Amino acid sequence: MEKMSEGTKRTTTKSKSPFKRLVGNIDCLIVALMGFYIIHLFARYSGIGVSPDSIMYASTAQNIHDHFSLITFNNTPLVFFPVFYPFFLSICIFLSGGMDPVSAGPVINGILFGITIFLTGWITTKFKAPSIIYKWLILIAVVLSPALLEIYMYLWSETLFILVILIFIIAYHNYLQSHSIKALIIVALVAAICCITRYAGITVVATGGLLILIDGRLTWKRKVSHLLVFGAIGISLLGANLILNAYATGLSTGTREPSITPFSENLYYFGTVILDWAGLPASFDPIAVAFAIIVIVGLSTLLIVRTAQHHLNSYENIIICFTLVYGLFILIIASISRFERMNSRLLSPMFIPLLLSFTCWIPDLIKYLKFRKKWLLATPFVVAMLAFEVTIAKVDYQKYDDFKDYGIPGYTDDDWNKSSFVTFLKTHQHIFKPGYPIYTDADEAVYMFAHMHSTLLPHKFFAGDVAKVYAQKRFYLIDFKKLESSELIGLKDIQAHKTLTKLCDFEDGAIYICEKK
């Protein structure tokens with residue numbers, strides 16, 4: 001009787017009109033609008049946050065819109081990042097009547113964050129033991145999350161990637177209802193879009209493949225055929241993107257250096273990020289490795305147990321599987337290829353799935369325990385979640401207090417807006433005589449503020465590129481003093497090979513002519 005009742009409920013839910021579904025999730029919509037407003041609140045002073053990656057995305061998007069070419073601000077093909085996010089931004093330029101992505105950033109990110117919040121709440125209503133209180137607690141945790149706010153305050157591809165992951169989870173659950181080829185193709189196309197939003201989107205393809213393999217309702221013959229269809233479509237766009245990159249530059253994903261951080265160190269940083277997400281102070285960092293292992297083992301255990309119990313046809317299982325695959329992938333790839341140190345941005349796509357993975361079993365457990373006063377069982381979880389949300393709300397307020405009179409850190413904050421050197425660079429472009437290359441330690445900053453093309457100083461690791469710079473008879477050097485990097489050749493390295501004549505000198509930057517000694 002219980003099974004019949006659940007089946008009837010599902011049928012009734014499916015028959016609801018889109019309007020009724022929206023009304024049924026009006027709380028999700030309200031919190032989504034709150035998320036939209038919060039992004040605008042942070043961006044009110046000087047606009048959306050802009051990093052070097054942001055300028056790469058925005059300039060490529062502008063070139064797609066204007067010339068339908070995948071060329072970045074430095075006149076080179078986009079290779080280091082996949083193509084879909086700049087393509088998405090180019091659509092935004094078209095829809096906004098030509099507004100550049102940096103100016104439109106608060107609206108773009110506010111909408112993306114709002115939809116992400118709404119879909120998160122909507123997914124929780126589809127859990128096996130849906131709970132209004134649980135949904136509200138999750139929605140509040142998501143909209144207040146410092147980890148997510150950091151992402152949506154910047155013009156970064158993770159803003160779109162996180163949303164597409166949620167769409168994949170919904171599409172895969174739809175496929176599980178029928179195992180039809182049509183549903184399989186749809187979810188594979190979503191996975192393909194994930195792969196060209198960020199290269200880490202390959203984890204979505206791996207998640208789908210793993211879920212097909214452990215699906216006990218498919219015969220081995222159907223598993224193989226579905227794996228082939230899903231895999232072929234899932235990696236098709238990524239394959240095309242890599243081939244295009246290789247044709248344009250000879251490199252499929254750009255120049256990549258080998259990792260200098262071993263797996264054990266990455267595991268430590270992984271743990272510190274998760275501890276920080278949990279609102280715990282830095283004093284807990286000594287247990288970071290143990291905590292990271294607990295997270296990985298916990299996710300593995302949840303997946304194994306649910307598979308053994310034949311609970312595969314659920315949102316919870318898809319979410320747990322993705323969280324585990326993504327976490328392991330980042331740990332392994334960061335130990336092979338060199339990235340920035342493991343941080344919240346790198347792991348941000350697993351924040352919502354991780355939150356849901358480690359909380360989704362609680363409403364389920366409370367529902368099936370035979371205890372009259374079930375609210376007593378829920379109280380510890382509710383109190384813990386509220387305490388967590390109060391903690392992260394304080395973090396958000398402190399960030400807002402820091403940013404409201406200064407700007408979001410990056411190329412739109414007051415350090416750059418009020419820089420005397422930047423003002424000079426904007427108004428004295430005539431000092432650069434044509435025919436001589438311009439090198440700098442921040443080519444994206446030169447483009448953003450002076451709309452000039454320059455070449456980034458090479459990494460010390462690439463000896464051939466360094467030799468090419470020193471072989472130049474004469475070139476200009478734009479030196480942003482506060483951006484000195486130990487990885488790039490610097491002023492002292494160049495002075496050892498060239499005679500430098502200073503054209504201007506400010507507290508935060510200088511311009512030199514570099515000639516043969």
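Cys514 counts as buried, at 0% relative accessibility (buried means under 20% relative accessible area, exposed over 50% and partly exposed in between, with a 1.4 Å probe and protein chains only). The model is predicted, so local features need pLDDT of at least 70 and side-chain atom pairs pLDDT 80 or more, while totals for chains, interfaces and linings use all residues. Residues are numbered from 1 along each chain as its sequence is written, and side-chain values use heavy atoms, without hydrogens or water.

Cys92 is likewise buried, at 16% relative accessibility. The structure holds zero disulfides, a disulfide being a pair of cysteine sulfur atoms within 2.5 Å. For Cys92, the closest cysteine sulfur belongs to Cys194, 17 Å away and too far for a bond. Cys514 is in no disulfide either, with the nearest cysteine sulfur, that of Cys504, at 12 Å.

Turning to the surface, Phe68, Phe87, Ile91, Phe94 and Leu95 form a nonpolar patch with about 600 Å² of accessible area together (residues with over 30% relative accessible area and no salt bridge, nonpolar side chains being joined within 5 Å; a salt bridge is a Lys or Arg side-chain nitrogen within 4 Å of an Asp or Glu carboxyl oxygen; areas are from the Shrake-Rupley method with a 1.4 Å probe). Within this patch, Phe87 is partly exposed at 35% relative accessible area and sits in helix 5 (residues 84-95); helices are DSSP runs of H or I, at least four residues, numbered from the N terminus.

Key: Patch = residues over 30% accessible without salt bridge, like charges linked within 9 Å, V, L, I, M, F, W, Y side chains within 5 Å. Helix = DSSP H or I, 4+ residues; strand = E, 2+ residues; numbered from the N terminus.
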